[in-house]
Amino acid sequence: MVEFPVSGVETWWWLPPLVSMIVSCLAATGGLSGAFLLLPFQVSVLGFTGPGASPTNLFFNVIGTPTGVYRYFRENRMVWVLSLAIILGSLPGMILGAIVRVTLLPDPRAFKGFAALILAFIAIRLLQDVIAARRRGENDRGRGTGAFAVTDSSFNLRRVAYTFSGERYEIPTMKLSLISLAVGVVGGVYGIGGGAIIAPLLVAYFRLPVHTVAGASLFSNFASSLCGIFIYWVIDEVKLVPGVSAEPDWLLGLSLGIGGAVGMYIGARAQRYLPEKAIKVVLTVFLLFVATWYVIEVFRR
């Protein structure tokens, strides 16, 4: 057994990296870091319930996501212009979200209710997209007649555009950045960087193929997580809320991040061989499970 000093968590040394590796391996196939599932693990299994759990989760993102980004880059499936549009909106949102977490949602019970709503929303959007694709008779969007790589990407204030697998995709830059702003607020509160929300929205709302969304989502997650950690550090230093600590548990975050780095690399490498529908279904099941778990705990005496 090992004790993590800041959070006071006492557990087996191998448990955090093992759990984060498994979660990240599955989540990375859909462009998620796995942080949205690791926060419930911290809160409900390890017992780290304070505001510091959120920046600890963000630190996991910083350590874990570069391996997934690297793998998507190696396979020419990184849409850098898409990442840029997301980051422009998500970074300001992260600042506001961190403040809301410390000032309005320090109580673990209220926080679990908030987390359940977010997770359920993501799951419903993914499920709607799977059902809609089935009705349209689509089998696996994103695998067209062209090369399985991103080409001809462009960015301006009007639109983000790129070509993938023989198909051209375009989305409005300002609309995406405004949505990313709202996502950044939620990500700052929840400590997930926003990737778990923006990736399903890019697939379900903007109709982008998940095989191109994944890398951009992970990279924007990395950038927004760096910003979030800094904001939480400032909040803790200035003692925005007396008696409430927002200090992350760096050692716990590192332990989770090491497992996450391995899992995300494996997940990113395996993604190209998985059908889009299978990826969405797996993520939907995980999200609904955790959301239901949190709802039960909110109403449990």
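Axes here are lines fitted to C-alpha atoms, for helices over the stretch in contact, and angles run from 0 to 180 degrees between N-to-C directions. With that convention, α2 and helix α3 (residues 53–74) pack at an angle of about 140°, with their axes 10 Å apart. The model is predicted, so local features need pLDDT of at least 70 and side-chain atom pairs count only at pLDDT 80 or more, whereas totals for chains, interfaces and linings use all residues. Residues are numbered from 1 along each chain as its sequence is written, and side-chain values use heavy atoms, with hydrogens and water left out. Helices (H or I, at least four residues) and strands (E, at least two) are DSSP runs, numbered from the N terminus.

- Two packed helices are described by the angle between their axes and the distance between the axes.
- The angle between α2 and α3 makes α2 oblique to α3; angles under 35 degrees count as roughly parallel, over 145 as roughly antiparallel, 65 to 115 as roughly perpendicular and the rest as oblique.
- The crossing of α2 and α3 is right-handed; a crossing is left-handed if the near helix is turned anticlockwise from the far one by less than a right angle, and right-handed if clockwise.
- A35, L38, L39 and Q42 of α2 meet A53, S54, T56, N57, F60 and N61 of α3, where contact means heavy atoms within 4.5 Å.
- This contact of α2 with α3 has five nonpolar, five polar and no charged residues; Ala, Val, Leu, Ile, Met, Phe, Trp, Tyr, Cys and Pro count as nonpolar, Asp, Glu, Lys and Arg as charged, and the others, Gly among them, as polar.
- Helix α2 (residues 35–46) also packs with helix α10 (residues 276–299), at an angle of about 30° and with the axes 10 Å apart.
- The helices α2 and α10 are therefore roughly parallel to each other, and α2 passes α10 in a left-handed crossing.
- On the α2 side the contact is made by F36, L37, L39, P40, V43, S44 and V45, and on the α10 side by F286, L287, V290, W293, Y294 and E297.
- The residues of the contact of α2 with α10 comprise 11 nonpolar, one polar and one charged.

**Helices α1 and α9**

- Helix α1 (residues 15–28) packs with helix α9 (residues 250–271) at an angle of about 35°, their axes being 7 Å apart.
- The crossing in which α1 passes α9 is right-handed.
- Among the residues in this contact are P16, P17 and S20 in α1, and G259, G260 and G263 in α9.
- By class, the contact of α1 with α9 has 11 nonpolar, seven polar and no charged residues.

**Nonpolar cores**

- A nonpolar core is a set of buried Ala, Val, Leu, Ile, Met, Phe, Trp, Tyr and Cys residues joined through side-chain atoms within 4.5 Å.
- The largest nonpolar core has 69 residues, and F36, L82, L176, I197, L202 and L208 have the most contacts inside it.
- Helix α2 gives the most to this core, with eight residues.
- Apart from neighbours within four places in sequence, L202 is in contact with L82, I86, L176, R207, L208 and V213.
- A second, separate core of 13 residues includes V102, C227, I231 and I235.

**Individual residues in helices**

- G188 belongs to helix α6 (residues 173–190) and is buried, with a relative accessible area of 0%; buried means under 20% relative accessible area, exposed over 50%, and partly exposed in between (1.4 Å probe, protein chains only).
- G188 and A98 are 90 residues apart in sequence, yet 4.8 Å apart in space, C-alpha to C-alpha.
- Leaving aside neighbours within four places in sequence, G188 is in contact with M94, G97, A98, R101 and Y232.
- T284 lies in helix α10 and counts as buried at 5% relative accessibility.
- Not counting residues up to four places away in sequence, T284 touches A123, L126 and L127.
- F286 is also in helix α10, but counts as partly exposed at 30% relative accessibility.
- F286 touches L26 and L37, not counting residues up to four places away in sequence.

**Positive phi values**

- Most residues other than glycine have a negative phi.
- D152, in strand β3 (residues 150–155), has a positive phi near 50° and is exposed, with a relative accessible area of 56%.
- S165, in the loop between β4 (159–164) and β5 (167–172), has a positive phi of about 55° and counts as buried at 3% relative accessibility.
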